[in-house]
Amino acid sequence: MGYRKLDERDIAYLKKVTEDGRVLTGSDISQDYSHDELGGVERAPEALVRVLSTGEVSDIMAYANREGIPVVTRGSGTGLVGAAVAIHGGIMLETTQMNRILELDRRNLTVTVEPGVLLMDLAQYVEENGLFYPPDPGEKSATIGGNISTNAGGMRAVKYGVTRDYVRALTVVLPTGEVVEFGGKTVKNSSGYSLLNLMIGSEGTLGVITRAVLKLVPLPGKTVSLLVPFADMEQAIEMVPVIVEAQIQATAIEFMERETILFAEEYLGKRFPDTRNDAYILLTFDGRNAEQVRAEYREVADLCLEHGAVDVFIVDTQERKQSVWNARGAFLEAIKASTTQMDECDVVVPRDRVADFIKYTHEVAGILNLRIPSFGHAGDGNLHVYLCRDDLAEDEWKEKLSLGFEMMYARAREYGGAVSGEHGIGYAKKEYLKEQLGDTQIGLMRRIKKAFDPNLILNPDKVI
C-alpha cells in the first residue's frame with residue numbers, strides 16, 4: 001500500500017499540536033531511531049514526535065488517518081524484530097516522555113502508569129512501597145508500553161505468568177483518533193469480547209497505549225537462587241520436567257551454556273561463580289518467609305543431585321547474586337558483542353521438548369557450519385537462539401540465516417511450538433508466523449486489523 005510523504009503543512013500541524021520543539025525532522029533525527037536493538041530492519045521516520053499526552057496522540061492520529069500518513073509508536077527501542085521501525089517513513093510517536101507513575105492504589109493492589117515508564121523504575125517504585133510487579137523481561141530499560149505491546153514474559157513467568165496476566169485496564173488511542181478505555185480495576189469481567197486482551201501483544205498495530213492500570217501482588221519476603229552445574233546441556237534441560245513433575249513451584253528456571261557464560265564474563269569484565277561445566281540451570285524461589293523458601297530449594301537441590309548435577313551453589317549473598325544475575329542479564333549484549341551480526345530465533349516449545357530442540361540447534365549449527373549459542377527460560381519453554389554471522393560474506397550469511405530459521409521453526413511446529421515466546425513478530429518474523437498459523441487465522445487477524453484501522457495507517461505491514 002502506498003502512503004503519502006509528509007510535506008511542510010504536515011510538519012506545521014505536528015508542531016502546532018505539540019509545541020516546545022518536540023518535533024524533529026531530517027538530520028535532526030538520530031540514526032538510532034531508524035532501527036531497534038538488534039538491527040537488520042532499518043528505515044528512518046520523516047518526523048519524530050515526542051508526545052506528552054493522550055490528547056496529543058489523539059490529535060496526531062486523527063490527522064494522520066485523514067491524510068493517509070503512516071504512524072509507528074516507539075518506546076525505548078529495545079525490540080528485536082523491527083516492530084517499532086518506520087518502514088514506510090511517516091510519523092514516529094516516541095512515548096518515553098510519557099513516563100509518570102500516576103497512582104498507587106493499595107485497596108485494589110494496582111498501579112496506574114503512562115506507557116513510557118521503564119520496567120526497572122516501576123519495579124523499584126512498587127518494591128519501595130512493599131508491593132511487587134512480577135513480569136521480569138531481561139531488558140529492564142524497556143518501557144511498560146513496549147512490554148504490553150509484545151506481551152513480554154521474562155524469567156518469573158514460570159510462577160507468576162506474563163505481562164497479560166497483570167494488565168487490568170488500558171487507555172488506547174485508536175488509529176482514527178478516538179480514545180477508548182479497555183478493562184478496569186475489577187478482578188473479574190465476563191462482559192463481551194475482551195478487547196483489552198486483544199490489544200495486549202498486538203505490537204502497536206491496533207492502537208496507541210497511553211495509560212495502563214497494572215495488577216500488583218504482595219512483595220515476597222525472601223528470595224534465593226540456586227546455580228546447578230551439569231556435565232552437558234541435555235542432562236541440564238532434562239532436569240526441568242523432573243522439577244515440574246515434582247510440583248515444586250520455582251519462580252524461575254533458566255538454562256545457560258558455558259560458552260554463553262564466558263561471553264558474559266568477557267563482556268562485563270567480571271567472574272561468574274563457576275565456569276568449569278558445560279551447562280547450568282539457574283533456579284529462583286521466593287515466598288513469604290525463609291523457612292518456606294528453604295524447604296523448596298532444598299528439595300530441588302536434592303532432586304538435582306539425584307539426577308546427575310555436579311554440584312549446587314546457593315546464590316544468597318549480595319556478591320554472588322550480582323555475579324550471577326548481572327551475567328544472566330548481559331547474555332544478549334554479550335553474544336551480540338562476540339560477532340559481527342546476529343539474528344534471533346525467539347521460539348517457544350512445550351517444556352518436555354526443550355532438550356530436544358536445543359540438541360537440534362546444535363545439529364543445525366553443524367549442518368550450516370554456523371555458530372548458534374543459546375540461553376532461555378527452560379521453565380516455560382521459551383528459548384533464545386542466536387545465529388551469528390562472524391566472518392561470513394553477506395550472501396553466504398543471508399543464505400545460512402534463512403535456512404537456519406526455516407529448519408528451526410519447522411522443528412518448533414513439529415513439536416507443537418510457536419514462532420515467538422515473548423519478543424513478538426514485528427516485521428522480521430512475519431513469514432514464519434504465516435507458516436505457523438495458516439491462511440484462516442492470518443485472515444482473521446487481518447480482518448481484526450481492518451476493523452481497528454480501516455485505512456491501515458498504524459504500524460502498517462507489521463505482524464501480518
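**His377**

I started with His377, which sits in strand 17 (strands are DSSP runs of E with at least two residues, helices are runs of H or I with at least four, and both are numbered from the N terminus). This is a predicted model, where local features need pLDDT of at least 70 and side-chain atom pairs count only at pLDDT 80 or more, while totals for chains, interfaces and linings use all residues. Residues are numbered from 1 along each chain as its sequence is written, and side-chain values use heavy atoms, with hydrogens and water left out.

Is His377 buried or exposed? I noted it as buried, because its relative accessibility is 3% (buried means under 20% relative accessible area, exposed over 50%, partly exposed in between, with a 1.4 Å probe and protein chains only).

Next I looked up what His377 touches, skipping neighbours within four places in sequence: its contacts include Gly154, Met155, Phe255, Arg328 and Glu422 (contact means heavy atoms within 4.5 Å). Glu254 is on that list too, and the side chains of His377 and Glu254 make a polar contact of 2.7 Å (a pair of N or O atoms within 3.5 Å; within protein, one must be able to donate a hydrogen and the other to accept it, and residues adjacent in sequence count only if both atoms are side-chain atoms).

I also checked His377 against Leu48: they are 329 residues apart along the chain, and their C-alpha atoms are separated by 35 Å.

**Strand 17 and its partners**

Which strands pair with strand 17? Strand 13 (residues 252-257) pairs with strand 17 (residues 374-377) in the antiparallel sense over two bridges (strands pair if DSSP finds at least two bridges between them). Here I found Phe255 bridged to Gly376. Strand 18 (residues 382-388) is also antiparallel to strand 17, over four bridges, and Ser374 stands opposite Val385 there. The hairpin of strands 17 and 18 has four residues between the strands, and Gly381 takes a positive phi near 80° in it.

**Domains**

The domain assignment gives me domain 1 (6-94), domain 2 (99-216) and domain 3 (220-413) (the bounds come from an automatic or database assignment). The centres of domain 2 and domain 3, taken over C-alpha atoms, are 27 Å apart. Eight residues of domain 2 are in contact with 13 residues of domain 3. About 960 Å² is buried between these two domains, with 62% of it from carbon and sulfur atoms (buried area is the accessible area, 1.4 Å probe, that two parts lose on being put together, summed over both). Met155 was already in my notes as a contact of His377.

Ser149 lies in helix 4 (residues 144-150) and is buried at 17% relative accessible area. Beyond four places in sequence, Ser149 touches Gly201, Ser202, Glu203, Gly204 and Ile209.

Where is Thr95? I found Thr95 in the loop between strand 4 (91-94) and strand 5 (101-105). Thr95 is buried too, with 5% relative accessible area. Not counting residues up to four places away, Thr95 touches Val51, Thr73, Arg74, Gly75, Pro115 and Gly116.
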